[in-house]
Amino acid sequence: MYGKNEFNPFLILAVICTAFAEVTEVHQIPDKVDVLARQNASLQCSFELFKNKNNIRVYWWKTGEREFFKEGEDPRKMFKVESRASAALKIRNVRFGDAGVYYCRVEGEYTGNGTGVTLEVKATPEPMK
């Protein structure tokens, strides 16, 4: 959609808006998740307690991507606000191409970008012959 040296205007706007919004710390713990290929992975995002869960918007992106993930774009990836202080990105049937650093962005009463979590995909062990 965007050329090699072009950036998504929405991502740029999101970064600029952070400078003017009430910023909160957004943590992604653990900072590394190891998963076997074809298994499921859950990446966590935690933030300051919101007053209302319905006011929370969480976006996810992977290093090297120029856009936030869109709901339904990849049916293996599901985003969920789990509580007034946490969200998760769940990836089903993980593939080697899913490996990388993932970030969450929280918007609503507070705004902030996550610290990042590395998803490392490992080969499934082959049975002994």
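Q: How many disulfides does a search of the whole structure find?
A: One, taking a disulfide as a pair of cysteine sulfur atoms within 2.5 Å. This is a predicted model, where local features need pLDDT of at least 70, side-chain atom pairs count only at pLDDT 80 or more, and totals for chains, interfaces and linings use all residues. Residues are numbered from 1 along each chain as its sequence is written, and side-chain values use heavy atoms, with hydrogens and water left out.

Q: Which cysteines does the disulfide join?
A: Cys 45 and Cys 104, with S to S at 2.1 Å. The link is right-handed, with 75° about the S-S bond.

Q: And which strands do Cys 45 and Cys 104 lie in?
A: Cys 45 is in β3 and Cys 104 in β7 (residues 100-107), so the pair ties together parts 59 residues apart in sequence. Strands (E, at least two residues) are DSSP runs, numbered from the N terminus.

Q: Is Cys 45 buried or exposed?
A: Buried, at 1% relative accessibility. Cys 104 is buried too, at 0%. The classes are buried under 20% relative accessible area, exposed over 50% and partly exposed in between (1.4 Å probe, protein chains only).

Q: OK, the core. Which residues touch the most other members of the largest nonpolar core?
A: Leu 43, Phe 47, Trp 60 and Leu 119, out of 25 residues. β3 gives the largest share, four residues. A nonpolar core here is a set of buried Ala, Val, Leu, Ile, Met, Phe, Trp, Tyr and Cys residues joined through side-chain atoms within 4.5 Å.

Q: What is Trp 60 in contact with, leaving aside neighbours within four places in sequence?
A: Among them are Leu 43, Phe 79, Tyr 103, and both Cys 45 and Cys 104. Contact means heavy atoms within 4.5 Å.

Q: Switching to the sheet: what order do the four strands have?
A: β1-β3-β6-β5, an open sheet with antiparallel pairing. β1 (26-27) and β5 (77-83) are at the edges with a single partner strand each, so one side of each has no neighbour in the sheet. Two strands pair if DSSP finds at least two bridges between them.

Q: How many bridges join β3 to β6?
A: Six, between residues 41-47 and residues 86-91. Ser 46 stands opposite Ser 86.

Q: What about phi of Arg 38?
A: Near 75°, a positive value in a residue other than glycine. Arg 38 is in the loop between β2 and β3, and is exposed at 58%.
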